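Please keep the sequence and the 3D view at hand while reading.

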Amino acid sequence: MSKGLSTDKLTIGYDHDLISDITLKVLPGNIVVLIGPNGSGKSTLLKTVTGLLKKRGGVIYLDGADSSSLNVKDVATKLSVVSTAGVRPELMTCREVIELGRYPYTGMFGRMTEEDIAKVDEAIEVTGTGEIKDRLFSEISDGQKQRVMLAGAIAQDPAVLVLDEPTSYLDIRYKIDILTKIKSFAKTRNMAVLMSIHEPGIAMKLADTVVAVGDGCVMRIGTPAEVFEEGFIRKLYKLGDMEVDLLDALPWFAGGDRGKDVAGIKGCGTDKAARDVGDSGIKADDVRIKATHPSVFIMGTMSNAGKSLIAAGLCHIFAQDGYRVAPFKSQNMANNSYITRDGLEMGRAQVLQAQCAGTEPDACMNPILLKPTGDKTSQVVVMGKHIGNMDAREYFDYKKTLIPVIKDAYEKLKEKYDIIVIEGAGSPVEINLKENDIVNMGLAKMTGSPVLIVGDIDRGGVFAQLCGTLDLLEKDERARVKGLIINKFRGDKSLLEPGIKQLESLSGCPVTGVVPYMDISIEDEDSLSDMLYKNERKAFDIAVIKLAHMANFTDLNTFSQIEDVSVRFVNDPAGLSGADLIVIPGTKNTVDDMDRLNKYGMASAIREAADKGTAVIGICGGYQMLGLSIEDPYGTEEGGSIEGLGLLPVRTVLEKEKIRRQFDGCIVDPTGVLSPLNGCEVRGYEIHMGRTECTEDLSEFTSDLSGYCRGNVYGTYVHGLFDSADAAALTVKSIANANGKDVNVSAVKDMESFREEQFDALAKVLRESLDMDAIYEMMGIKNDRK
C-alpha cells in the first residue's frame, strides 16, 4: 500500500449512501482537488476521510495503514485538517489556536519544546498571521480565521493535509499567498494534499489531479487539461446554455485538450483494473491510459448484435470527414485472422475496420487474439505473435498481466490517429466474467471513452436487451453510456417511435439511432454470421464444408458479387450432392476436424464427389486434409497423427512455430478444370502451423511451393485466393463451362474495389440513421468537416 492518503471502495453519506465505491489515491507531493456544485458531496467526502464523519463502507488508508486500526494520536500525527467548523476557542489567542497543531506531539498538558515553538513560528510566518497572533480568535474576521486554521495545520507537520474550501473568505492577496504556500509545502515537504475548491479556475492552475463530483458519483478525473472542457464543465455545474461572460476569464471554455468522462475511474493513479493486477507486480501507472483522446466505444447487448459493422461504418464516416481513424479491440475471439505487412496476426474485424478507415492494418489495433481450438481451449496471440495454447481458466487468470500490453498498443494508436473507434466483445454484462474485464467496461474505464450500446431488433426483444444491459451495469458504468442504437430494423420506423420514447424514459438514455437491416456485403468474422446458415441453391453452387473449428471462411465472400452463385456451408453428406465446387476452408484444429469428417461420413462423401470429377479446393487446414496424413508430434493441436482424405499425395507435419507472411504470387500450373487460371495473380497471406511436402511429383498450384494440385483437386495455404477479379471469375466460369452451365461473371470486381463500394454504402446508411452530431459531441469534437 502506498504512502499518502487512499481509499478503497469507500461509501459516504449520512442516513443513506451519497456516493459509493470511491477509490482515491493522493500521493506524497501531489495536490488533488475536488470540484463540483454545492451539495455534490465534496465536504462529506473530506469529513469522512478525516474521521469527522463515519464511513458507510470501504477502507481509508493513511500512509498504507487502515485508518480504523490507528489510534487517535497516530491519525493526528499523519493527517491535518483545515476547517473552522466546530472550533470554539472563544478565550484563546490566535497563536494558542495555532499551537493546537502541535497537540499530537505534546499531549493535552504537555510542554512545548523548542522544536514545537519553531514549527509554530514557521507556520505563523508562512501564513502571514503574525499581525494577529496575539488577538482573540473569536474577534477576528472569517478570512483571518481561515488563515489561522491553515497555520495550525501546517504547524502539525502532517504527511497528509486536507482542506475544505481554504480560500473561500480570503481576499485576492492572501488567496494567492496561501495557495502558493500550499503548493510549495506539497512539493518541498512531500506532503499529500487533498482539498476542495469552490473556484474551478484556481483548481485548474493548482491541481496535479482534479476529481469532479456530481450527480451522486465521481463524474470525471484526470489532469486539469483532461477535466476542464467546456461541455463537461457546463454539464457538471448544470450551466446549460447560460452565458458565462460575466465570470470573466474562463480558460476551460477556450478549447484545448479535452478530457473524457471517466465515471468509475475513481482515483488518482488507480482504477479497478489496476487494483486487480496489484498482486501480479504490475504498478497502477503501468495500466492507466490518459483520457485525452477522442474515442467512441461500441458495445453490443450480445454477440452478432452488429457492433463490428457499426464500428466499421463509423470508421469510414470519420475518415470521409477528414480525420485519421484507427479501430481498436483489445481482445478478440475469432478464428478469422489476417497477417499484416510486418508478418503479425490480428482479427479480420479490425482489418476490415482499418480498411474502412483507409489505413494500414496494425497489430496494435487488436493486441490480443484468441483462436478457439476446442470447447475450452484457445490459441493465444499477443501483439500478433502466438504465445501458446491455454484453457479457459488458465487464460482467465493470465489475462490481467496483459493490461500493460493493451495500454501500450492504445497509446501508440493515439500518437498516430485523431479518433479511435473501439469495439467491445459479446455483452458488457456477462457478470460471471466481469472480474478483470479488459475488453468491455473495464477497457472503457481505462480509455475514458463514451459508450454506445447496440441492440439487435431482428432477433427480438430489443427493448429487454437494452434495458436489461443497462440494469446490470454498475452505477459508474451506466453513467458512461451516452446512447443506444437499435440495429437491423425492418419496416416503418414511425411505428417504432412509441417504443423509442418509452425506452428513453425507462432507461434515461437517449436513442442515438435506428439502423435498418442492411443488404450490404461486408465480411463477418463472427461464428453467428448469417452467411453460415444460407441454404438456397443457385445456378452455380459452392458447398463449403462447415468445420467445427472453421477459420477464415471469409475467403469465399468474393462470390457474393455474382448473382447466380450460391455459397452454402454444409455439415452433412447430402449437402454435397449436386455442388459444382466443394471448398474445405481453414481450421484451427485440423486433426480434430479431420476426425469429425471421418465420423460423420463427410470424408467419404468428399472422396466420392472428387472421384466423379467435382472440383475440390482445400485452403490452409483444408489443404492439409486433402493429403495422405497429418502428423502432430509436438502436440500443437491434438497430438498423434491421422490419415487425410488421400486426394493429394502430400504429407503435413504440424510444427511449433507458426508461419505468418503476406503472399504476392500467382497460380502456376493448374491442372484439370481450373487450367484457364494459369498465370492469374494472387495476393493474400499465409498463416499456418504446418509444413506440407509432396510424396511424388505434383503440379504446383500456387507459387512459392504454397500449394499443389492434381486433376480437379487443388490445395493451397494462401488465404485471399479469390480476392482478384480474374481468379474469382475464371474459377466460376471454367467450372460452369465444364458442367454445361452459362453463368454471367461480368460483375465481379477485385475485392478491394468491391469492399470500397460496400463501405460507402454502409457509411451512407449510418449517416442517415445515426445522430452523428451527438456522436461527435460525446467525443468532444465540434465537427466542421462534414
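## A buried glycine and an exposed arginine in loops

G644 counts as buried, because its relative accessibility is 6% and burial here means under 20%. The model is a predicted one, and in it G644 is found in the loop between β31 (640–643) and β32. Although G644 and A603 are 41 residues apart along the chain, their C-alpha atoms are separated by 8.7 Å.

With a relative accessible area of 52%, R490 is exposed. The C-alpha atom of R490 is separated by 7.5 Å from that of D458, and these two residues are 32 positions apart along the chain.

The structure holds 38 salt bridges in total. Among them is the pair formed by E686 and R661, whose closest N and O atoms are 3.1 Å apart. E686 is buried, at a relative accessible area of 1%, whereas R661 counts as partly exposed, at 35% relative accessibility.

The side chains of R683 and D664 also meet in a salt bridge, with an N to O distance of 3.6 Å. Because R683 lies in strand β33 and D664 in strand β32, the pair ties together parts that are 19 residues apart in sequence. R683 is exposed, with a relative accessible area of 52%, and D664 likewise counts as exposed, at 60% relative accessibility.

## Further charged pairs

Side chains of opposite charge can pair when their charged atoms come close. K749 and E757 are one such case, their side chains meeting in a salt bridge with an N to O distance of 2.1 Å. K749 counts as partly exposed, at 33% relative accessibility, and E757 is partly exposed as well, with a relative accessible area of 38%.

Elsewhere in the chain, salt bridges form a network that links R95, E99 and D121.

## A negative surface patch

Which residues form a negative surface patch? The patch is made up of D726, D750, E752, E756 and D760. Helix α24 (residues 751–769) gives the most to this negative patch, contributing three residues.

D726, another member of the patch, has its place in helix α23 (residues 725–738). D726 is exposed, because its relative accessible area of 54% lies above the 50% that marks the exposed class.

## Cysteines without disulfides

How many disulfides does the structure hold? The count is zero. C509, for example, is in no disulfide, and the nearest cysteine sulfur, which belongs to C467, is 9.8 Å away; that distance is not within 2.5 Å, the limit for a disulfide. C509 counts as buried, with 5% relative accessibility.

C680 is in no disulfide either, the nearest cysteine sulfur being that of C666 at 9.1 Å. C680 counts as buried, at 7% relative accessibility.

D215 has a phi angle near 55 degrees, which is a positive value in a residue other than glycine. The position of D215 is in the loop between β10 (209–214) and β11 (217–222).

K238, too, is a residue other than glycine with a positive phi, near 55 degrees. The loop that holds K238 runs between α10 (230–236) and α11 (272–276), and K238 is exposed there, with a relative accessible area of 55%.

Methods: Residues are numbered from 1 along each chain as its sequence is written. This is a predicted model: local features need pLDDT of at least 70, side-chain atom pairs count only at pLDDT 80 or more; totals for chains, interfaces and linings use all residues. Side-chain values use heavy atoms; hydrogens and water are left out. Patches are made of residues with over 30% relative accessible area and no salt bridge: like charges are joined within 9 Å, nonpolar side chains (Val, Leu, Ile, Met, Phe, Trp, Tyr) within 5 Å. Accessible areas come from the Shrake-Rupley method with a 1.4 Å probe; for residues, only the protein chains shown count as cover. A salt bridge is a side-chain nitrogen of Lys or Arg within 4 Å of a carboxyl oxygen of Asp or Glu. Lys and Arg count as positive and Asp and Glu as negative; His and the chain ends are not counted. The place of a charge is taken as NZ of Lys, CZ of Arg, CG of Asp or CD of Glu. Helices (H or I, at least four residues) and strands (E, at least two) are DSSP runs, numbered from the N terminus. Buried means under 20% relative accessible area, exposed over 50%, partly exposed in between (1.4 Å probe, protein chains only).
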